[in-house]
Structures are given as C-alpha cells and as structure tokens.
Amino acid sequence: MEDEGLPSCPEYLNHLRERHLDTGGRMPLQWTNLPRQPYNRKNFTVIAQVRIGTVFDVNSKKQEYTVQMGIDWFWRDCSLQFNRSSNDGMVRVEDPGGEDLKHFWHLNPRIRETEHTEDDMRSLHVTFVWDGLVIFRERFTSTMKCPFDFFNYPFDRQNCTMHIDVSDAETGDFLKARWRGPSNDDSMGHSHPYGGLFVDPIQNMEWTIPDVEGWNFSVGDHPKVLPASRQPGKLPTLTLSFTLTRRSHFMVVNLIIPTILMLAMSYFGLFMDRAAAPARTCVHLTPLLIMVNRWSSFAQRIPPTDIMTWMDEFMLVHICLGSLQLLEYCIVNWAMHRAKSLEAAAKSLGSYSSSNDAEAISDGRQLGSSLHRRIIRFELSIVLYIEKWLEPASRVVFLVAYVLASILLFQYWRP
C-alpha cells in the first residue's frame, strides 16, 4: 500500500514490531486500552474502494432503490504493528463484535442516503498487517433514497448519489480521505479507469444501469458541529453517483401505442354515417373512456407530483382531441335535428302567410309571421352550414392539430 500514498510508520515506533501475537482468531490482548486516535493522527489518511454487486428493486413511487455493495477501507495505524513472523504477518478477524471494535481505532462510515440496512445481509471483517496497515471490509445490502425527477416520465433519467461520510465528527479534525487509485487486480472484475470502484454487470428489466465507466466519484466535505468542542467543522465525504435510465419499452407498448390507436379509432369515426347516432357515439366515447382509465392506472406508478410529466402532456393531448371529436359529433347531430325542425316550422309559416284572411292581416299577425320567418330562415342557414361543413373541416383540423401536437410532444422522446 506504499504506492497508495499511505505514510510509513516512524522509526521510533519500530519496537512495536517485536510483539508476537497469538490471537486465536480474536483481537490481540496487547491492543487493549489503546488511544482513541492513531499515533500518526497528524498525517492520517484513509483510502476507500467500492464494489457494487447489484442494484435492484428500483421503486419510482417511493423514490428509492436497493444496492448490494461492499466498501474496503485502508489505513495505517502505527500503534497496531506486530512481529512479521506472527500469523504470517497478517491477522484477520471475521465479524468482530462491539467489544472487539473497542480495542482499536476504526472508521464509522455512514451513507447519508441509507433508508435501512438488512442485518442478515451485512458482514464485516478486519485484516491487520504487521506494518500497521488495517483493511476494514464491509459488505451489506441497503435501501437508498434517490430524489426522482419525473418531468420526462416515462423517458426519464434519474441521477442518484451516495454521500459517504467517512467517520464521526470526533475525528473530523485530523482525518483525510480519498479514493483508491487504479488497480490491476482482475480478481475483483473490471475497475473504473480512475480506480476506486468495481461494478459487476447488472441486469434490470425496468432500468438501464451503467457499467463501471458510467459511474462517477469525487471527494468533498460535509459541514457539521463537532460534539466535543461544539465548534463548526467539516467531515470528509466521498461521493459516488450514477444515472438510472428507464427502459421505455413497457410504457410504449402498453400505454403510448394503445392510446394512439384509440384516438385513431375515434378519428375514423368522423367518416361514419352521422345518422347512425348509437354507432357514432360508441366509436367516440369508448376510446375516450379507455384512455382515461389507462392514464389513471399508469399514473399510480409514480408518487403524486405537482409537475406536468411527459405522460401527462401526452395523455391530455389525446383525451382533449378525443373529447373534441365527441363534442363535434354532438354539434353535428344537434344541427341535423334542428334543421329538420326549422324546415318544418318554415313550411308551416309559409302556408299561413299565403292565406287571404283579411282579419289576420289587419291585426298585424301577417307582419309578425314574416319577421319570424326571416329569423327561422337565418337560423336554418347557419344550421345547414354547420351540418354540411363542420364534419369535413373537422377531419382536416383534427389531423393537422394531432400532427403538430405530436411534433411538440416527441421532441422529448428518449427511446
């Protein structure tokens, strides 16, 4: 680990290398009551290496995912040196208990986004090397929070981040942390080009999870009040991030294409005989109800949100066009029946005005019938115009409007 930049122990502590250990698999008794902080605290660095086993159970509604991962921590504590001939120069302790961990200084890392960790899927083992090197390995399965942005749903991409606070606030004043450099160890799989990270191939039916090159990591800090001094301080933080890309095939096949077909069915109903009122009503109303029902069903896959998602815009366009097609037929059907009643009224007034009843003419009824006839003829001309031209015009207008709306909608297309 010299190449990793961990400083060597000073010569005046070389006498610790004379200690011979007989641990029996437990913590060496010689290490009890050691200082709470390492001897080389002024130049103390920890190095991290992460391995991602798998990412699964990505829950859009709860905005969380489950990750199976491991973190290897490396540091050198000169107070833990021992004779190289003891235990072949290496002591490994599996799943140390709370009392065992009190015998030496160790990290207490915490991932801020952790919701909960499965206890039966957690393991820990510590390896002590004769020259003071400590390898602290954690393996666990945890559920992590990830704030989702549903603006482009279902073609959305979610940026998830894990902030690893390296230790507690008591040691934040002397601790430095960084990622491990590139490794040639092929036994752990393919390493990130900049080192520090291994990602196993991950298959997920709903999401595309990047391979190791698609992950990013960085080093930062996190402000926090130190409990001992009550002074503001900064904890070293290692950041790991990746992007989840939703596979849109399921939504395309089960929502988008059926919705387009439902609207097309409603549109071609404009070419049916308008006198067949039951058939026309059915061909316009049924697709509309199906679209509303499917929208409600798929909207339950994400949490309630105050933003307009791509799916909301898509469904609203289709529902509005379907509703307008139904409304258009209602107007045409009304115009057909209104024209018949007006034509009958006009004929009745015509026969009445042709009579030679002198009494009717003298009391002004003939003048009133003439005005009424003009009003009826004017209304009849409008109704006949609607009946003749509204439906042919609607066939063109609805088609053009749908093409323009589709161009605007599918500019967000992310297949």
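User: Why is Glu138 called buried?

Analyst: In this predicted model, Glu138 has a relative accessible area of 9%. Buried means under 20%, so Glu138 is classed as buried.

User: What makes the pair of Arg122 and Glu138 a salt bridge?

Analyst: The closest N and O atoms of Arg122 and Glu138 are 3.6 Å apart. The criterion is a side-chain nitrogen of Lys or Arg within 4 Å of a carboxyl oxygen of Asp or Glu, and the pair therefore qualifies.

User: Why is Arg122 called partly exposed?

Analyst: The relative accessible area of Arg122 is 47%. Buried requires under 20% and exposed over 50%, with partly exposed in between; Arg122 is therefore partly exposed.

User: How do you know that Glu391 forms a salt bridge with Arg280?

Analyst: The closest N and O atoms of Glu391 and Arg280 are 2.8 Å apart, and the cut-off is 4 Å. The two residues come from distant parts of the chain, Glu391 from helix H6 and Arg280 from helix H3 (residues 277–299), 111 residues apart. Both Glu391 and Arg280 are buried.

User: Which value makes Glu391 buried?

Analyst: Glu391 has a relative accessible area of 3%.

User: What makes Arg395 and Glu391 a salt bridge, and where do they lie?

Analyst: Their closest N and O atoms are 3.8 Å apart, against a limit of 4 Å. Both residues lie in helix H6, separated by 4 residues, or about one turn of the helix. Arg395 has a relative accessible area of 23%; since partly exposed covers values between the buried limit of 20% and the exposed limit of 50%, Arg395 is therefore partly exposed.

User: Why does Val126 count as buried?

Analyst: Val126 has 0% relative accessibility, and buried means under 20%, so Val126 counts as buried. Val126 is placed in strand E6 (residues 123–129). Beyond its neighbours within four places in sequence, Val126 is in contact with residues including Val91, Phe104, Ile135 and Phe136.

User: How do you know that the span of helix H2 is close to the expected one?

Analyst: Helix H2 (residues 249–268) has 20 residues and reaches 27 Å from its first C-alpha to its last, close to the 28 Å expected at 1.5 Å a residue. A kink of about 25° lies at Ile256 in H2, shortly before the proline Pro258.

Technical notes
Residues numbered from 1 in each chain as written. Predicted model: local features only at pLDDT ≥ 70, side-chain atom pairs only at ≥ 80, totals over all residues. Heavy atoms only, no water. Expected span 1.5 Å × (residues − 1). Bend = angle between axes of the 7 residues up to and from the residue. Buried < 20%, exposed > 50% of the residue type's maximum accessible area, 1.4 Å probe, protein only. Contact = heavy atoms within 4.5 Å.
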